[in-house]
Amino acid sequence: MWSYKSTAGHLAGTDLTGYKVEATDGSIGKVDKHSDEVTDAYLVVDTGAWIFGREVLLPASTVSRIDVEERKIYVDRTKDQIKDAPEFHRDKHLGDPGYHETLGTYYGLGGPFGGRIV
């Protein structure tokens, strides 16, 4: 859940800050922060006007493809799936194992979206 798929095209050390993030049905915002940690890789996305004043945390496993030339990251979730994820507050949830477990359940095994094992 917290690692990039080998097929995503992620190169460790690449600064993804500022990349646009595309859900399967449209843009959701830009990367504000990201982690490349092997078991704790994620994106923090500033949703701008889409969900006014809100950030979302996406586990790295939701990334299906990274286009370095276009500076775009494609994720394999819809805008509604991302919007309905457990609410994220950077000061409270970043690095919180309990929140990561909750988010992992939402997006992965046992979650509402097929429960695929990653």
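Colleague: Which residues is His34 in contact with, leaving aside its neighbours within four places in sequence?

Modeller: His34 is in contact with Thr14, Asp15, Leu16, Thr17, Tyr42 and Leu43, once neighbours within four places in sequence are set aside. Contact means heavy atoms within 4.5 Å. This is a predicted model, in which local features need pLDDT of at least 70 and side-chain atom pairs count only at pLDDT 80 or more, while totals for chains, interfaces and linings use all residues. Residues are numbered from 1 along each chain as its sequence is written, and side-chain values use heavy atoms, with hydrogens and water left out.

Colleague: Why is the pair His34 and Asp15 called a polar contact?

Modeller: A polar contact is a pair of N or O atoms within 3.5 Å; within protein, one must be able to donate a hydrogen and the other to accept it, and residues adjacent in sequence count only if both atoms are side-chain atoms. The side chains of His34 and Asp15 make such a contact at 3.4 Å, so the pair meets the cut-off. A polar atom of the His34 side chain also lies 3.0 Å from the backbone nitrogen of Leu16.

Colleague: What makes His34 buried?

Modeller: Buried means under 20% relative accessible area, exposed over 50%, and partly exposed in between (1.4 Å probe, protein chains only). His34 has a relative accessible area of 18%, so it is buried. His34 belongs to strand β2, residues 26-35. Strands (E, at least two residues) and helices (H or I, at least four) are DSSP runs, numbered from the N terminus.

Colleague: How do you know which class Arg71 and Thr62 belong to?

Modeller: Arg71 has a relative accessible area of 39%, so it is partly exposed. Thr62 is at 0%, so it counts as buried. Thr62 is found in the loop between β4 and β5 (63-67), and Arg71 in the loop between β5 and β6. Beyond its neighbours within four places in sequence, Thr62 is in contact with Tyr74, Val75, Asp76, Arg77 and Tyr107.

Colleague: What is noted about the phi of Arg71?

Modeller: Arg71 has a positive phi of about 55 degrees, although it is not a glycine. Most residues other than glycine have a negative phi.

Colleague: In what order do the strands of the open sheet lie?

Modeller: The order is β4-β3-β2-β1-β6-β5, 6 strands with mixed pairing. β4 and β5 are the edge strands, since each pairs on one side only.

Colleague: How many residues of β4 are buried?

Modeller: 5 of its 5 residues are buried. Glu55, Leu57 and Pro59 lie on one side, Val56 and Leu58 on the other.

Colleague: What makes the buried residues of α3 lie on the same side?

Modeller: In helix α3 (residues 97-107), Tyr99, His100, Leu103, Gly104, Tyr106 and Tyr107 are buried. They cover an arc of only 160 degrees around the axis, which puts them on the same side of α3; the arc is that of the directions from the helix axis to the C-beta atoms. Pro97 and Glu101, on the other side, are exposed. The buried residues pack against β4 (55-59), α1 (79-83) and α2 (90-93).

Colleague: Which residue caps the N-terminal end of α3?

Modeller: Asp96 caps that end, with a side-chain oxygen 3.0 Å from the backbone nitrogen of Gly98.

Colleague: Which residues have the most contacts inside the largest nonpolar core?

Modeller: They are Leu43, Leu58 and Ile73, in a core of 30 residues. A nonpolar core is a set of buried Ala, Val, Leu, Ile, Met, Phe, Trp, Tyr and Cys residues joined through side-chain atoms within 4.5 Å. The elements that give two or more residues to this core are β1 (20-23), β2, β3, β4, β5, β6 (72-75) and α3.

Conventions. Two strands pair if DSSP finds at least two bridges between them.
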